[in-house]
Amino acid sequence: MEIANDISDILLDFPKHERYDLSSQLSRCSVSIPSNFAEGSSRTDKSLSHFLDISLGSSFELNTQLIVAKHRKYINEQTVNLLEKKIEEFQRMTMGFQNGLNKS
């Protein structure tokens, strides 16, 4: 949720012409991360693992979109680095959790 909220905050400063392009993609990816985690939590372990895969995929996609935004000078390096650390932590924790599910 923290990543989604951080993205929402930075999108306030994006140019208006990006509203339906990069801004929309960043928003959808960031919301997809916790949403898929939540949806999968009500399922079987096998199904949860599938939703975690989708959530992880969205996190990698989000990371790429942040690089594009930095390249376009919509966000600075410091902001990207902070968000990348949060995304990497989410990925490590989620993969560890998923590995535990797959062992059972």
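1. Which helix has the lowest mean confidence, and which the highest? H4 is lowest, at a mean of 94, and H1 is highest, at 96. Confidence here is pLDDT, the predictor's score for each residue, from 0 to 100. The protein averages a pLDDT of 94, and 99% of the residues score at least 70. Where pLDDT is low, predicted coordinates should not be read in detail.

2. Some ground rules. This is a predicted model: local features need pLDDT of at least 70, side-chain atom pairs count only at pLDDT 80 or more, and totals for chains, interfaces and linings use all residues. Residues are numbered from 1 along each chain as its sequence is written, and side-chain values use heavy atoms, leaving out hydrogens and water. Helices are DSSP runs (H or I, at least four residues), numbered from the N terminus.

3. Look next at H1 (residues 2-11) and H4 (residues 77-103). Their axes come within 10 Å and cross at roughly 160 degrees. Axes are lines fitted to C-alpha atoms, over the stretch in contact for helices, and angles run from 0 to 180 degrees between N-to-C directions. H1 and H4 are therefore roughly antiparallel (an angle over 145 degrees). The crossing of H1 past H4 is left-handed (the near helix is turned anticlockwise from the far one by less than a right angle).

4. Which residues make this contact? From H1 come Glu2, Ile3, Asp6, Ile7 and Ile10; from H4 come Thr79, Leu83, Lys86, Ile87 and Phe90. Contact means heavy atoms within 4.5 Å. Six of these residues are nonpolar, one is polar and three are charged. Nonpolar covers Ala, Val, Leu, Ile, Met, Phe, Trp, Tyr, Cys and Pro; charged covers Asp, Glu, Lys and Arg; the others, Gly among them, are polar.

5. Is Asn36 buried or exposed? Asn36 is buried, with a relative accessible area of 11%. Buried means under 20%, exposed over 50%, and partly exposed in between (1.4 Å probe, protein chains only). Asn36 belongs to helix H2 (residues 22-40). Leaving aside neighbours within four places in sequence, Asn36 touches Phe51, Ile54 and Ser55.

6. Now two loop lysines. Lys16 sits between H1 and H2. Lys16 is exposed, at 64% relative accessible area. Arg72 is 56 residues from Lys16 in sequence and 14 Å away in space, C-alpha to C-alpha. Lys73 lies in the loop between helix H3 (45-71) and H4. Lys73 is exposed too, at 72% relative accessibility.

7. Check the backbone at Lys73. Its phi is near 65 degrees, a positive value in a residue other than glycine. Most residues other than glycine have a negative phi.

Conventions:
Parallel < 35°, antiparallel > 145°, perpendicular 65-115°, else oblique.
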